[in-house]
Amino acid sequence: MLAGVLLLAAVWLFLLRYVPDRAMLINPDDTTHGVFPVRSSLLRVFAPRAAAVLVFLLAFGLVGGWVLAGRMLAPLTRITDATRLASTGALAHRIRLPGRRDEFRDLADTFDTMLARLEAHVAGQRRFAANASHELRTPLAVSKSLLDLARADPDHDTREVVERLHAVNTRAIDLTEALLLLSRAEQRSFAREPVDLSLLAEEAAETLLPLAEQHGVTVRTGGDIAPTTGSRALLLQLTTNLVQNAIVHNLPADRSGDRSEDHRSEDHRSADRSADPSGRRTVRVDTRIRPGGVVLTVENTGRPVPPQLAATLTEPFRRGTGRVRTGHQGVGLGLAIVETITHAHDGTLTLAPRPAGGLRVTVELPGT
């Protein structure tokens, strides 16, 4: 705008004032004067002034543009420095760009959010690697001890050693398979197909029926047809993990004729009575349709779970303190696998303690 105003002013001052405002006759003997000046007169008068204005505009534009660009692009220097630090592994640095909210401020805030998520992800991966190494080292150390014992005492009964080695090896295989499943779900390397969550819930309940009978737990399924899209194998693993976790971490089963029941603490007996109105240990699996998606809910009777503990149960190798110990303990990746599969299917996972005890797990997935 400033350059245009200056050019128009130059034209008005040094060119248009030569144009007369009324008609004039032309002298046939003098072709250099008339109504309009000839081209040579215009160039002689206007060209030097126009050149001077253009030189001024060029200098002013270069200096002003350099100053303005420096002020506007100054935030990019801070963003570049933060990017350079992040490339070296320093993820704790934040830009925290001050000033009014504009495109650079939005970019800096988005970059800070990305750094925070990346830092949390890297920290989680390091914890996971350390925990996985620890969990895998334990069965290997036990196996080595058993083999050393058998070698040191050849007359020792090898059947007991073989049975213990079989149990330790089975646990190591389960842990390895869980780690592979977790990695596959994180990479989202699976084909999507139409899946009905209600059928998967019934299949998981039927598969785990012997385990439920062993623990004295009643599994109840119900709800609506819940169509979604994803990997049937992974979603079945998700449902199975939730139902199995709800069975294993349920209230301890009563044993008729067991006099040790009299020695149980009063709070445990009250927890058993308040867990379910019928006094039975149950697991409820329910599927519902909501606008834009489907919901799978698995809840069980059990001991009260503190809210702060429920929020951490999805961490790998995290086991609830004071939860029921049984002979069917997992490898500590059940809910972590559930969370990973849920996120891989663009869903959300919610863990909430039940007021009467136990846990309610809700998985929301997009509908078809």
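Hi everyone. Two strands count as paired if DSSP finds at least two bridges between them, and strands here are DSSP runs of E with at least two residues, while helices are runs of H or I with at least four, all numbered from the N terminus. With that in hand, Thr350 stands opposite Thr362 in strand 7.

A word on the model. This is a predicted model, where local features need pLDDT of at least 70 and side-chain atom pairs count only at pLDDT 80 or more, while totals for chains, interfaces and linings use all residues. Residues are numbered from 1 along each chain as its sequence is written, and side-chain values use heavy atoms, with hydrogens and water left out.

Strand 6 and strand 7 are antiparallel, with 6 bridges. Their hairpin has 5 residues between the strands, and Gly357 there takes a positive phi near 110°.

Now the helix pairs. Helix 5 and helix 7 pack at about 50° with axes 9 Å apart. They are therefore oblique to each other; angles under 35 degrees count as roughly parallel, over 145 as roughly antiparallel, 65 to 115 as roughly perpendicular and the rest as oblique. Their crossing is right-handed, where right-handed has the near helix turned clockwise from the far one by less than a right angle, and left-handed has it anticlockwise. Among the residues that meet are Leu200 and Ala204 in helix 5 and Leu236 and Val243 in helix 7.

Helix 7 also packs with helix 10, at about 145° and with axes 9 Å apart. This crossing is left-handed. The contact residues include Leu238 and Asn241 of helix 7, and Val338 and Ile341 of helix 10. They divide into 8 nonpolar, 5 polar and no charged; Ala, Val, Leu, Ile, Met, Phe, Trp, Tyr, Cys and Pro count as nonpolar, Asp, Glu, Lys and Arg as charged, and the others, Gly among them, as polar.

Helix 4 (residues 158-187) and helix 10 (residues 334-344) come within 8 Å at their axes and cross at roughly 20°. These two are therefore roughly parallel.

One last item: how many aromatic pairs does the whole structure hold? The search finds 1. The rings of Phe56 and Phe60 have centres 6.1 Å apart and planes at 20°, so the pair is stacked. For the cut-offs, rings of Phe, Tyr and Trp (its six-membered ring) pair with centres within 6.5 Å, and planes under 30 degrees apart count as stacked, over 60 as edge-to-face and the rest as tilted. Phe56 and Phe60 are 4 residues apart in helix 2 (residues 39-87), so about one helical turn separates them. Thanks, everyone!

Methods:
Axes are lines fitted to C-alpha atoms, for helices over the stretch in contact, and angles run from 0 to 180 degrees between N-to-C directions. Contact means heavy atoms within 4.5 Å.
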